[in-house]
Each structure stands twice: as structure tokens, then as C-alpha cells.
Amino acid sequence: MPQLLPISAIIPTRNRSIPLLRMLQSLAQQSVQPLEIIVVDGSTHDDTQQLCQASIPGLATPITYYRATEIGAATQRNQAMQYTTQDSIWFLDDDIILEPDCLWRLWKALQSDSSLGGVNAMITNQRYLPPGWISRTLFHFLHGHSEKSYAGKCIGPALNLLPEDRVDLPDVVPVEWLNTTCVLYREQALPQPLFSSLFTGYSLMEDVTLSLIVGKQWKLANVRTARIFHDSQPGEHKSHPGVVAKMDLINRHYVMTCILDRRQFSDYVKLAVLQGFGIAASLVSVKGWLYLPAVLRGKVSAVKEIISSKYGTPGDKS
């Protein structure tokens with residue numbers, strides 16, 4: 001029987017019972033497990049509910065199942081927080097595979113430093129790679145100066161870069177932001193509610209926002225030896241490039257202005273350059289050209305919405 005740690009695990013999901021099963025099976029193989037798992041499900045069928053009510057060999061943690069009251073990664077996590085009972089909160093995507101001792105290493109790192117507010121796992125198939133000269137020039141422009149490495153940083157108009165995986169790095173590496181793919185937070189470090197009502201549907205940048213808020217008072221770190229594989233699945237949002245393009249600009253603008261309090265004219269110039277760079281980079285593929293009209297319409301719609309809307313004052317998390 002694995003040791004159960006005082007952790008509430010939160011898993012939002014929708015129509016992904018097969019990836020969720022694989023994730024739970026990898027969790028069942030962990031040397032330690034959370035005391036409770038809370039699944040908030042937005043599925044259009046009962047497959048996920050049946051899975052959560054079934055027995056999974058090796059999984060000692062009870063699963064509490066709830067139907068989502070509103071669909072979206074951020075809103076489903078907000079809903080799940082109403083049911084947590086533990087002092088540590090573990091956010092998990094439904095399409096990851098945990099490597100051995102992942103949770104134990106996250107837990108050990110969080111307990112090793114009382115000033116740490118959150119720690120996340122290394123995604124083995126999604127990592128920071130040294131940028132080429134074009135990207136490095138862009139990073140220098142956005143950041144205002146050069147860095148030996150931009151890994152784990154959030155630079156300029158909220159450009160968030162993944163942590164770096166090198167054998168010469170320590171097991172626990174300070175970072176400026178954390179993704180919600182596999183992250184363990186102290187409950188006391190989290191804002192209430194977790195996510196602003198701005199974040200709906202795919203909820204792009206919600207993890208950056210959350211971790212930057214936590215990072216104002218707590219340290220954040222990547223646990224390089226706590227490892228996962230992200231078996232990223234197709235999603236409805238990925239078939240609507242215009243919607244994603246609009247969301248990317250609106251949400252990044254929100255993070256830049258309301259969370260990072262970067263509101264100078266130069267910050268808006270950097271945001272425009274970053275958006276232009278992203279569009280240009282997508283044109284290396286045929287799909288990028290096919291999506292271009294929808295992406296441009298999405299960006300124009302976002303600009304109009306930004307001009308006509310106010311997102312509140314810095315720190316407004318309602």
C-alpha cells in the first residue's frame with residue numbers, strides 16, 4: 001500500500017477517458033499518492049464517470065467525481081477547489097504520464113523550503129532549447145538585455161519560456177512561472193478564486209497568471225528530476241485557429257498589464273512585435289498559410305476588444 005500524502009489532486013477533463021485512464025494508471029505506480037483525487041468532468045458521455053467509479057489496480061487514492069458546471073480548464077479547476085480538503089494542491093492534466101517517483105520528488109522539494117509556494121515537473125517532451133540567433137534577438141528586445149539562458153523566465157509582454165533540462169543543473173531550479181500540466185502548490189499560496197473569469201474555454205495563459213500571482217510573495221521552482229511525458233491530445237480549441245489567436249492576444253495583454261503592470265508604450269510595441277513574430281513563424285508550414293486569414297481576423301477582433309474593454313486594476317483576480 002503506497003503512502004498517502006496530504007495532497008488534493010485536481011484533474012479537469014472532457015471527453016478524454018482513454019488518456020485519463022493512462023494517466024491514472026501511471027499515478028497508481030507512484031511510490032506515494034495523494035490523499036484525494038477530484039475530477040471535474042465536462043464530457044458529453046458517461047465514460048469518464050464510469051472510469052472514476054471503477055477500480056484501478058494499484059491506485060489507493062479515492063476519486064471524487066463531479067460534473068462540470070461550466071466547461072473550461074480554468075473554470076473546472078475553480079470548481080474543484082470548492083471540494084479540496086488538504087493543504088497542498090496538485091494540478092494535473094488528464095493526458096500526462098508520470099514517471100517513477102514524480103510525486104515524491106515534487107513533495108520533497110516543496111517540503112524542503114518553506115518559502116516555496118509551488119513546484120512543477122519537467123515535461124520530457126516539451127523543454128527549453130537554446131534559441132537561434134533570430135529568437136535570441138527577439139528575446140533580447142523583449143527582455144531589454146541579454147541572458148545566458150531564458151529558461152523558466154517570463155519576459156517582456158508575458159512571453160513564458162519552459163524550464164531547461166541539463167544534467168549540470170541542480171534537482172530544484174528557481175523559475176519565474178509554472179505551468180499547470182503537473183504542479184504542486186501550497187494551498188495557502190493560492191489566490192481565491194484561482195482564475196479570473198477572463199479565462200474561459202481553452203484558458204490560454206491561465207497557468208502563467210496563477211503562478212505570477214503566487215510568485216509575488218512566494219518562490220517558484222521546477223523539479224528537474226520529477227518527470228512526466230505530455231501525451232498532448234487533440235482538442236476542440238485546436239480546430240479553431242482564429243479563436244485561439246484572439247485568446248492569445250487578449251489573455252497575454254491581460255497578463256502584461258494587470259499582472260505584470262507593464263503598461264508603457266514600449267510594452268505595447270513589444271507585444272505587437274511578439275504577435276507579429278508568432279504569425280510569421282507559423283508561415284513556415286502550409287497549415288500556417290491556410291490558417292492565416294482566420295488568425296488575422298482573430299487578432300483584429302482582439303485589438304477591438306482590448307480597446308473597448310477594461311480588465312480592472314493590477315491584482316484584480318475576480
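This is a predicted model: local features need pLDDT of at least 70, side-chain atom pairs count only at pLDDT 80 or more; totals for chains, interfaces and linings use all residues.
Local features were taken at pLDDT of at least 70 and side-chain atom pairs only at pLDDT 80 or more, while totals for chains, interfaces and linings use all residues. Residues are numbered from 1 along each chain as its sequence is written, and side-chain values use heavy atoms, with hydrogens and water left out.

Strand 4 (88-92) pairs with several partners. Helices (H or I, at least four residues) and strands (E, at least two) are DSSP runs, numbered from the N terminus. Two strands count as paired if DSSP finds at least two bridges between them. Strand 1 (residues 3-13) runs parallel to strand 4, and four bridges join them. In this pairing, Ile-7 has Ser-88 as its bridge partner in strand 4. Strand 10 (182-186) pairs with strand 4 in the antiparallel sense, over five bridges. Here Phe-91 is bridged to Val-183 of strand 10. Strand 6 (residues 116-123) is also antiparallel to strand 10, with three bridges. Gly-118 has Tyr-185 as its bridge partner in strand 10.

A residue is buried under 20% relative accessible area, exposed over 50%, and partly exposed in between (1.4 Å probe, protein chains only). Five of the five residues of strand 4 are buried. Ser-88, Trp-90 and Leu-92 lie on one side of strand 4, with Ile-89 and Phe-91 on the other. In strand 10, five of the five residues are buried, so this strand is largely enclosed by the rest of the structure. Cys-182, Leu-184 and Arg-186 point one way from strand 10, and Val-183 and Tyr-185 point the other way.

Nonpolar cores were then examined. A nonpolar core is a set of buried Ala, Val, Leu, Ile, Met, Phe, Trp, Tyr and Cys residues joined through side-chain atoms within 4.5 Å. In soluble globular proteins, nonpolar side chains tend to be buried together. The largest core here has 42 residues. Phe-91, Tyr-185, Leu-190, Leu-210, Val-214 and Val-255 have the most contacts inside it. Elements giving two or more residues to this core include strand 2 (32-41), strand 4, strand 10 and helix 6 (206-215). Helix 7 gives the largest share of this core, eight residues. Leu-190 is in contact (heavy atoms within 4.5 Å) with Met-81, Ile-89, Phe-91, Tyr-185, Leu-210 and Val-214, leaving aside neighbours within four places in sequence. Another core, of 38 residues, lies apart; among them are Leu-5, Ala-9, Leu-24 and Leu-110.

Ser-26 belongs to helix 1 (residues 17-28). Ser-26 is buried, because its relative accessible area is 8%. Beyond neighbours within four places in sequence, Ser-26 is in contact with Ile-96, Ile-97 and Leu-98.

Patches are made of residues with over 30% relative accessible area and no salt bridge; like charges are joined within 9 Å, and nonpolar side chains (Val, Leu, Ile, Met, Phe, Trp, Tyr) within 5 Å. A salt bridge is a side-chain nitrogen of Lys or Arg within 4 Å of a carboxyl oxygen of Asp or Glu. Accessible areas come from the Shrake-Rupley method with a 1.4 Å probe; for residues, only the protein chains shown count as cover. The patch consists of Phe-141, Phe-265, Val-269 and Val-273, with about 370 Å² of accessible area together. Helix 8 (residues 265-282) gives the most to it, with three residues. Val-273 lies in helix 8 and is partly exposed, with a relative accessible area of 34%.
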